[in-house]
Amino acid sequence: MKRLNWMRRILPLRQRGTCVASLLLPFALLLSACNPTASKANIRTLSTAASTTACRTIEHGMGKTCVPLNPKRVVVLNELDNVLALGVKPIGTVTLDRGFIDYLTDRTQGIEKVGTDSQPNLEKILLLKPDLIIGTTWDGKDIYDKLNRIAPTVFVDTNDYRSWKSWLKKTAEALGKTSEAEQLLQNYEQRVQQLQQALGDRSSNTQVSVVNFWQNNVRIYMKRSFSGVILQEVGLARPPVQNKDKLWERLSLELIPKMDGDVIFLLLGGHKESNLAQFKQHPLWSQLKPVQANKVYEVDSSIWIAGAGMIGANLILDDLSQHLVLEKP
């Protein structure tokens, strides 16, 4: 915290889009003061790392920013799914407290960790010498100005999962990958149509319940959750108690009937097994229609809850296809 206060005193407020190189020099001097062994060459490298280049101005969740035409050194805060989907491997990203989000782990080799999603490490980001930083308005608007002094920073407006496709488009605009985003969206829409055709009448006649055992509590997820949005795009019905314009509701044992439907997608990952066992042993659990019909399907909670990008959306379609189309009664 003291180091951040030093940074705040040393770095004057500057207008967005100013030359990044002039902003790096105070940081270089600060690092030199903290580390007397830092060479003059290293300081010169930091101060000239992001020389002025041609840029284009884009609007985003925090205003307007002039970004490089072809960014090469990208640091990502919480838009990793879409950045990877667009074929860009960032040099650095934040992670969850326990590490990379599960379903992206095999794609993250060589990406530097620069803190957690709740506490990005500004010094690590600085030392990577990015030419573009991409984040979201969920990242904490209070750090935007600090990031924008390190490199041009774009914050995607992520206030509503129903706009998840626009998140991809804005990320693509910042990266100069608009055509790639359009192709990804076309491929996704084609998959949705194929799934709808395979489901036929079952699409509107199958009520899908989404239940998550989240650490010490249990939740049902509704229409405004990420998985809820995907289910709605496919045209799948929801149980009446889950067909609400909300993210989720917390359940206790006596509210197990709210889990009912024709099928249950049980979101696992990070839950306590004893908590799940407690619910499964309750008499009300055995009365649920999907339990009696053996239609309780276990899926990855990191995808269904926190996916929020093109890779996650396609993985949800995979789960729906596997359990609702390919799996025989």
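View A. Welcome to a predicted model, in which local features need pLDDT of at least 70, side-chain atom pairs count only at pLDDT 80 or more, and totals for chains, interfaces and linings use all residues. Residues are numbered from 1 along each chain as its sequence is written, and side-chain values use heavy atoms, with hydrogens and water left out. Strands (E, at least two residues) and helices (H or I, at least four) are DSSP runs, numbered from the N terminus. Strand 9 (residues 208-214) and strand 12 (residues 263-268) pair in the parallel sense over five bridges; pairing takes at least two DSSP bridges between two strands.

**View B. Strand 9 also runs antiparallel to strand 10 (residues 217-221).** Four bridges join these two strands, and here V211 is opposite I220. Six of the seven residues in strand 9 are buried, meaning under 20% relative accessible area, with exposed over 50% and partly exposed in between (1.4 Å probe, protein chains only).

**View C. A disulfide joins C55 to C66.** The S to S distance is 1.9 Å, and a disulfide here is a pair of cysteine sulfur atoms within 2.5 Å. The torsion about the S-S bond is about 90 degrees, so this disulfide is right-handed. C55 lies in strand 1 (residues 55-60) and C66 in strand 2 (residues 63-68), 11 residues apart. C55 is partly exposed at 37% relative accessibility, whereas C66 is buried at 18%.

**View D. Helix 7 spans residues 164-175.** Its buried residues are W164, W167, L168, T171, A172, A174 and L175. Just after helix 7, look for G176, with a positive phi of about 70 degrees.

Note on methods. The expected span of a helix is 1.5 Å times one less than its number of residues.
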